[in-house]
Amino acid sequence: MTFPRKAGLILLLVAVLAAVSHHYGLSLPTLRWFYSFHATPEQILNAPEQGKLLGIFPANIRHLRENQHHLAGNILTGMVGAVALALLFYGGKFHWNPLTLRRLARFRSIGRGWVSFLLIILLLLLAMLDQVLVGRRALAVKYDGNWYFPAFRESPYPESQFGGAEQQEANYRLLRTKFRDEKSTNRVILAPIPWDPTFDSDEVQPSTLVEIDGKLHRSGEREPYDGQATQYREDDPKVAVRTALFRKGLREGVTSIYDAKGDFIGREAWKAGALVETSVGSEVSPASTGPWQELVYPPAPPSFGKWETMHLLGTDSKGWDIAAGMYGGLQVVFKAAIFYIILTYGIGIVIGCLQGYYGGWFDLVSQRISEVFSNVPFLLLVMIITANIGLDKVTLTTILLIFCIFSWIYVATYLRTSTFREKARDYVAAARVQGASTSRVIFRHILPNAISTIVTLLPFSVAGLATSLTALDFLGFGLPEQYPSWGRLLDDGTSNLSSPWIVSSVFGTMVGVLLLITFIGEAIREAFDPKKFTTYQ
Amino acid sequence: MTRLFSLLVAAVVLAVVPSCKKAAEFESYDNTTERKAFYQRYNEKVAAELSKRTKELQDALAGDLPEAERKEKQSELDDLRRREQRPAYFEEFTEADLPKDLNWETDYDEPELGSPDAKKGGTFHSYIPGGGFPPTIRACGREANNSFRSYHWDDIELSLTSFHPETGKVFPLLADRWAIAPDGQTVYFHIHDDAKWSDGKEVTAGDWMMTFYVYLSDYLTEPFYRAYYGEQYWGIASYGKDYLCIRLAYPKPLAAGFAGFIAPFQEDFYREFGPDFESRYQWRPRPTTGAYQILEKDIVKGRSISLSRVQDWWAKDKKYFKFRFNPDRIEYLQVRDEEKVFQMFLRGDIDTYLLGDAKKWYEKTEVPNVFNGYIEKATFYNEFPAVSRGMYFNLSRPLLDNLDVRIGLQHATNWEKVIELDLRGDGQRLHLLNEGYGDLSHPTLRTRPFSVSLAREAFARAGFTEQGPDGVLRNTQGQRLSFSINYARNPDINPIMLRVKEEALRAGVEYKLEAMDPTASFQKTARKEHEIVFSGWQNQLPTPDYYQQFHSKDAYEPGTKKPRPMTNNINVFADPEVDKILESNRNARSLDLIRDTSYELEQIMHDRAVWIPSYRRAFYRVGYWRWVRWPETFNVRLGNEPEMNHVHWIDQGIRKETLDAMVSGRIFPEKNLVFDQHRRKNP
């Protein structure tokens with residue numbers, strides 16, 4: 001089977017699966033994206049019952065808005081399906097250009113680049129697994145003998161479905177703890193990282209301190225403990241009995257005492273582990289208290305205890321899981337990169353080819369326009385625009401559109417030059433003499449020969465996109481909080497340098513991904529180097 | 001090369017010379033005759049307004065009126081009649097004209113302030129809040145109300161009387177006795193015989209005449225003072241040099257404190273007050289009745305500004321002053337970055353630092369200088385009106401005009417988790433609009449707690465029963481429970497709002513966060529264009545005020561449904577029945593009435609769920625180098641900052657000892673003190 005037919009088959013499968021799963025109310029990883037274009041609630045409320053679609057056709061706009069995601073999803077899957085069918089039908093006669101095959105072989109032979117490419121593909125596949133890997137909704141729940149799959153359903157299960165009292169969405173992490181404590185046959189299977197990338201904060205985590213030779217220690221640490229610690233009632237581990245300051249593992253300074261309801265009743269003064277002064281008698285019997293616990297507030301360091309409380313890379317200062325945030329950020333980067341490439345390179349290639357091929361007035365005017373665009377300070381403009389629409393209303397599409405408006409110019413400039421060069425060659429003249437149309441000359445004859453410069457640019461512009469997105473978020477002018485973002489994590493990390501796990505996670509991930517992309521870029525440049533095949537005199 | 005060098009020199013000289021220009025010289029100016037004419041003109045103006053309004057009221061009362069309005073107009077007319085008996089605003093009499101039947105009182109029996117152990121001398125190092133250099137050292141006029149003003153004006157200058165910061169009672173400062181006339185709003189003061197300005201001149205009644213002249217003059221850019229002194233006072237009269245009389249517009253409890261709460265402008269110094277007042281007085285050091293003055297040489301623009309203790313201060317041995325205002329000099333450094341201020345504090349360049357931020361208190365001060373006892377930490381439980389911080393609903397907005405929706409929102413907003421997580425359990429839930437007024441605050445009222453089931457019950461009552469796929473509740477018309485919260489962008493507040501948003505979704509509410517620049521946020525709220533705003537008022541001593549915030553005259557433009565912009569009624573709350581309670585609360589003549597009406601108002605606002613109270617802190621906490629010493633009880637009860645009452649002192653011996661110890665490696669016991677004598681055991 002030829003390459004386009006294989007691609008067509010996969011695309012067809014994707015389109016059909018997306019449409020069918022949506023029809024049955026399922027939410028499959030990545031495929032759910034097709035049907036995610038809901039109208040905002042304001043758009044639905046503001047839409048008139050009787051209005052004009054695009055100002056011409058009379059229609060029930062309200063109804064259209066309410067079903068916008070169905071419509072958009074159907075159109076998108078339809079388009080993908082159509083492309084797939086076209087590929088299946090017309091892809092039979094496809095042959096790889098031997099030149100391209102040689103380039104690809106050469107690319108494969110460059111070890112570092114090829115491995116990087118495979119790694120990036122692996123990352124892309126992982127990113128496409130989506131809620132299977134990262135998310136607060138459980139993959140599967142067994143309750144009263146029935147199996148439920150909350151992560152793969154569009155509408156959430158309320159808590160009451162699994163024995164809770166409330167109508168709020170079930171908290172599967174708590175559910176898992178509950179089932180385990182009850183020792184019932186009910187089970188919860190969570191995603192490997194059971195946290196949403198955003199708006200999913202952890203509670204304060206108590207960590208039990210151990211006593212060695214009468215001095216408190218953090219478990220596994222040699223040095224005695226310095227800092228605050230709290231004791232809770234044994235019968236009710238939510239109510240504090242006393243809070244004390246420890247120095248070198250011993251009580252020092254003030255200890256606050258609380259009553260049975262957790263209200264403050266008095267304090268004691270301690271010195272090197274000995275009671276000096278007290279404002280309460282022995283009202284609290286020490287037998288009823290649990291061990292001393294350190295309360296870990298966000299940002300919390302990495303912890304690997306139970307599945308439902310585990311934070312592989314710790315939490316940020318908001319209490320959001322960093323591993324989930326990094327994963328979400330990676331998804332955003334991939335998503336952005338795909339649309340950015342299609343848009344920027346689409347516009348850039350067409351305009352660049354036309355400029356180079358036609359020349360003359362068209363070239364002169366369009367060159368001036370791109371000069372104007374390229375002299376606008378880009379980051380500043382993004383800031384002005386996002387500040388004006390309001391950070392909350394910015395979407396990934398807005399940011400990408402602004403990016404594209406400014407970045408097609410570089411693609412166009414490169415392509416214009418090479419089209420200029422190719423246009424004067426004999427094979428172009430030959431094609432024209434044979435009666436090829438202008439578009440056929442440009443896109444079938446010139447473009448394949450001019451494209452190599454552009455292909456080598458591609459990885460680097462993806463790297464540029466990733467850094468720009470991060471930089472914007474870092475400065476606070478990028479995407480709103482509901483998008484996970486490396487930039488915001490980096491910002492959080494630099495303002496909390498005493499919590500090194502934040503900044504090192506972001507730094508590590510970013511450097512890793514950018515390095516991979518750069519290695520690929522270098523390998524492609526080498527593989528596509530025209531000097532290998534032609535010589536100029 | 002030489003030419004290049006000389007060119008360079010010339011350029012440098014050219015750049016420097018213009019900046020060496022001497023400060024502008026102002027021609028001398030004497031406003032005495034102008035001022036006398038103003039007194040007369042102002043008196044005539046007041047008289048004309050009085051008779052005009054009287055006539056209007058009389059005409060209105062002669063016609064047909066609803067009973068409530070008639071009563072209101074009649075009481076206004078009665079007030080006018082009383083004022084017409086003494087219509088002049090500015091009056092000058094001699095001592096012989098004083099009413100004979102005055103009942104003079106004073107209060108030198110309140111506890112002393114500060115500690116007898118206090119030592120005078122030394123320099124106290126601090127910083128200018130906000131990081132910018134103060135734009136002026138004037139007390140009024142353009143940009144005078146900056147963040148530095150309280151340091152050189154409010155905390156330093158003395159008024160006639162004030163409220164004792166431990167007991168809250170009226171106590172004498174520049175006046176040594178006072179007499180309240182039977183009407184409860186006219187107060188006579190006698191100025192202390194010893195009271196002197198820092199330039200040696202005597203403090204006289206004329207200084208207050210000048211004060212009122214300045215505040216009412218058109219030369220001031222801010223209309224606030226003209227409005228405030230014109231509406232809240234009926235007039236001022238001097239009786240010779242030593243006596244004066246200030247008349248309030250409403251009878252009040254603690255009238256002597258309210259009327260006497262005005263710091264004087266020295267008559268001689270402000271004689272040049274005229275059209276160019278703002279530029280003329282921009283940096284002109286003024287004589288003071290207080291303990292510290294700013295000397296001209298101590299204004300180092302862009303670097304620091306210092307206060308020096310007045311040599312031979314008139315009040316230095318007086319009962320309420322002798323242990324206060326101890327350091328010889330207070331230096332306020334300009335540091336642009338707050339984080340740098342904190343580092344300078346840890347190094348010892350700055351003597352004290354407020355450690356309200358939990359991260360600074362628990363983590364960033366876990367450093368050797370604290371362990372070794374060079375820096376001490378203290379937590380002081382104070383009693384001060386709490387900032388009424390919370391989420392205020394705009395009741396003129398759809399959905400928010402529904403009581404059940406508002407009650408649901410109160411249950412849907414998880415301030416408990418914010419307090420537990422973001423404030424590290426150091427805050428406590430706020431319950432009242434005016435909390436921290438002792439027994440004037442409602443003792444038992446509790447706000448509605450976070451509860452998903454109660455919230456959903458309330459929303460169901462309002463018709464919101466269906467839950468969409470996004471988890472947000474909607475009603476049969478498709479309206480969603482989605483509200484935007486407007487707030488001033490701030491690194492400490494942002495995570496809190498994100499937490500509130502995250503938790504509200506559990507109850508089926510979507511909060512959209514609208515973080516704005518502080519000024520823009522304030523303007524949007526003032527124009528009543530918000531849905532919910534997260535903000536707060538710093539309530540003032542000694543009594544709570546509900547009137548400004550809830551009176552219906554500030555809710556809507558008269559006769560329309562359009563919210564009235566630029567008023568403090570940010571809830572757009574309007575209820576004529578409640579107006580009556582608000583008025584009697586504001587114009588109450590006894591503390592009992594204020595208490596009763598305050599309880600009633602708190603209950604009403606709770607029942608109507610006009611806002612979501614957030615959190616408060618019952619204490620302030622501070623880190624200080626050990627040479628800064630404090631009284632046994634640390635500070636005064638009624639204060640929200642450790643330095644504002646100047647009870648601390650610098651111990652030079654300890655300073656030397658500490659600095660030596662830091663070199664030799666000697667250590668002291670670590671100190672982390674708690675002063676909870678004013679802590680409420682069961683809040």
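Colleague: Which residue in S6(B) is the bridge partner of Glu105(B)?
Modeller: The partner in S6(B) is Trp178(B). Please keep in mind that this is a predicted model.

Colleague: In what sense do S2(B) and S6(B) pair, and over how many bridges?
Modeller: They pair in the antiparallel sense, over 2 bridges. Strand S6 of chain B covers residues 175–180.

Colleague: What is the strand order of the open sheet in chain B?
Modeller: The sheet has 6 strands in the order S1-S8-S9-S7-S6-S2, and the pairing is mixed.

Colleague: And which are the edge strands?
Modeller: They are S1 (90–93) and S2 (104–105) of chain B, each of which pairs on one side only.

Colleague: Turning to chain B as a whole, how many helices and strands does the chain have?
Modeller: Its secondary structure comes to 20 helices and 28 strands. The radius of gyration of chain B is 28 Å, close to the 26 Å given by the globule rule for 683 residues, so the chain is as compact as a globular protein of that length. The C-alpha atoms fill a box of roughly 80 × 75 × 65 Å along the principal axes.

Colleague: What percentage of the residues of chain B count as buried?
Modeller: Of its 683 residues, 55% count as buried. The accessible surface of chain B is about 30,000 Å², and carbon and sulfur atoms contribute 52% of that.

Colleague: How many bridges join S9(A) to S10(A)?
Modeller: There are 5 bridges, and the two strands run antiparallel. Within this pairing, Ala244(A) stands opposite Thr255(A). S9(A) and S10(A) form a hairpin with 2 residues between them, and Lys248(A) in the turn has a positive phi of about 50°.

Colleague: What about S10(A) and S11(A): how many bridges join them?
Modeller: Here 6 bridges join the strands, which run antiparallel. Ser256(A) has Arg267(A) of S11(A) as its bridge partner. The hairpin of S10(A) and S11(A) has 5 residues between the strands, and Gly262(A) takes a positive phi near 90°.

Notes
Residues numbered from 1 in each chain as written. Chains lettered and ligands numbered in written order. Predicted model: local features only at pLDDT ≥ 70, side-chain atom pairs only at ≥ 80, totals over all residues. Heavy atoms only, no water. Helix = DSSP H or I, 4+ residues; strand = E, 2+ residues; numbered from the N terminus. Rg over C-alpha atoms; globule rule 2.2 N^0.38 Å. Buried < 20%, exposed > 50% of the residue type's maximum accessible area, 1.4 Å probe, protein only. Areas by Shrake-Rupley, 256 points an atom, 1.4 Å probe, with all protein chains shown as cover. Pairing = 2+ DSSP bridges.
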